[in-house]
Amino acid sequence: SVYTSNGYAVLIPDIVYKVNDPGMSAVWCMVPAVKAAIATGVVDAQKVGITGHSWGGYQTSFLVTQTDIFAAAVAGAPPTNMISMYSIIYKNSGGTNGAIFESSQGRFTSGPWENWQAYTRNSPVYHAKNVKTPLIILHNDNDGAVDFTQGIEYYNTLRRMQKPVILLEYPGENHGLARPANQHDYTERMK
């Protein structure tokens, strides 16, 4: 409502996933959806932004490696390397991320050792050289769902390649922002 009341159109498309291609599935759905929104005449093609958090942060991080249709992007707590993320501990529960990749959001049919190409094909960090879209990454040091190293790995890779990227870290925060001052600051930076 904040964005629509300030003159923005907000598009929340459904992603139709294909097994072993969660990132590419986002591309195959989002790019045509954005183009259709632009075709209505309501959306300015030069001012399309994208944001997402957690799995949506992953999709945002991946999309900017595959298209330059977005003028700006904000990715909150994104998984960015499917291979390293697979075996990292999901600290909020104590298990590994393997189940998330094989039977939940990841939609992979196996672990990376049996499906290397699919894992690399769908990992933002492996396509970082393609990023042209200015990107803000939010990743907090106490994130118990998507390990902080995921945001750092992507950020450092993009910085090394001199890509337009900013990292926001709110010390002590978990997967989301609980402190009102941090919520306000992030909202202002995102806008």
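## Basis of the description

Residues are numbered from 1 along each chain as its sequence is written, and side-chain values use heavy atoms, with hydrogens and water left out. Because the model is predicted, local features need pLDDT of at least 70 and side-chain atom pairs count only at pLDDT 80 or more, while totals for chains, interfaces and linings use all residues.

Four strands form an open sheet: 4 strands in the order 1-2-5-6, with parallel pairing. Strand 1 (49-53) and strand 6 stand at the edges with a single partner strand each, so one side of each is left without a neighbour in the sheet. Neighbouring strands are turned against each other by 10° on average, direction ignored. Such axes are lines fitted to C-alpha atoms, for helices over the stretch in contact, with angles from 0 to 180 degrees between N-to-C directions. Helices (H or I, at least four residues) and strands (E, at least two) are DSSP runs, numbered from the N terminus; two strands pair if DSSP finds at least two bridges between them.

Strand 1 is joined to strand 2 by 5 bridges, and the two run parallel. Within this pairing, Gly-49 stands opposite Ala-72 in strand 2. Strand 2 (residues 72-76) in turn pairs with strand 5 in the parallel sense over 4 bridges.

## Strand 5 and its surroundings

Strand 5 is also joined to strand 6 (residues 165-168) by 4 bridges, again in parallel. Ile-137 of strand 5 is the bridge partner of Ala-75, and Leu-167 in strand 6 is the bridge partner of Ile-137. Strand 5, helix 6 (residues 148-160) and strand 6 make a right-handed β-α-β unit. Right-handed here means that, with the strands pointing away from the viewer, the path from the first strand over the helix to the second runs clockwise.

In a regular strand the side chains alternate between the two faces of the sheet. Strand 5 (residues 135-138) is covered on both faces: Leu-135 and Ile-137 are buried on one side, and Ile-136 and Leu-138 are buried on the other. Buried means under 20% relative accessible area, exposed over 50%, and partly exposed in between (1.4 Å probe, protein chains only).

## Aromatic rings

Rings of Phe, Tyr and Trp (its six-membered ring) pair if their centres lie within 6.5 Å; planes under 30 degrees apart count as stacked, over 60 as edge-to-face and the rest as tilted. By this rule there are 9 aromatic pairs. Phe-101 and Tyr-119 form a tilted pair, 6.2 Å centre to centre with 40° between the planes. This pair links helix 4 (residues 98-103), which holds Phe-101, to helix 5 (residues 116-121), which holds Tyr-119, across 18 residues.

Tyr-119 also forms a stacked pair with Phe-108, at 3.9 Å centre to centre and 15° between the planes. Phe-108 lies in the loop between helix 4 and helix 5, 11 residues from Tyr-119. Phe-108 is buried at a relative accessible area of 2%, and Tyr-119 is buried at 0%. Ring pairs link Tyr-86, Phe-101, Phe-108, Trp-113 and Tyr-119 into a cluster.

## An exposed loop residue

Asp-68 is placed in the loop between helix 2 (55-66) and strand 2. With 53% relative accessibility, Asp-68 counts as exposed. Not counting residues up to four places away in sequence, Asp-68 touches Lys-132 and Thr-133, where contact means heavy atoms within 4.5 Å.
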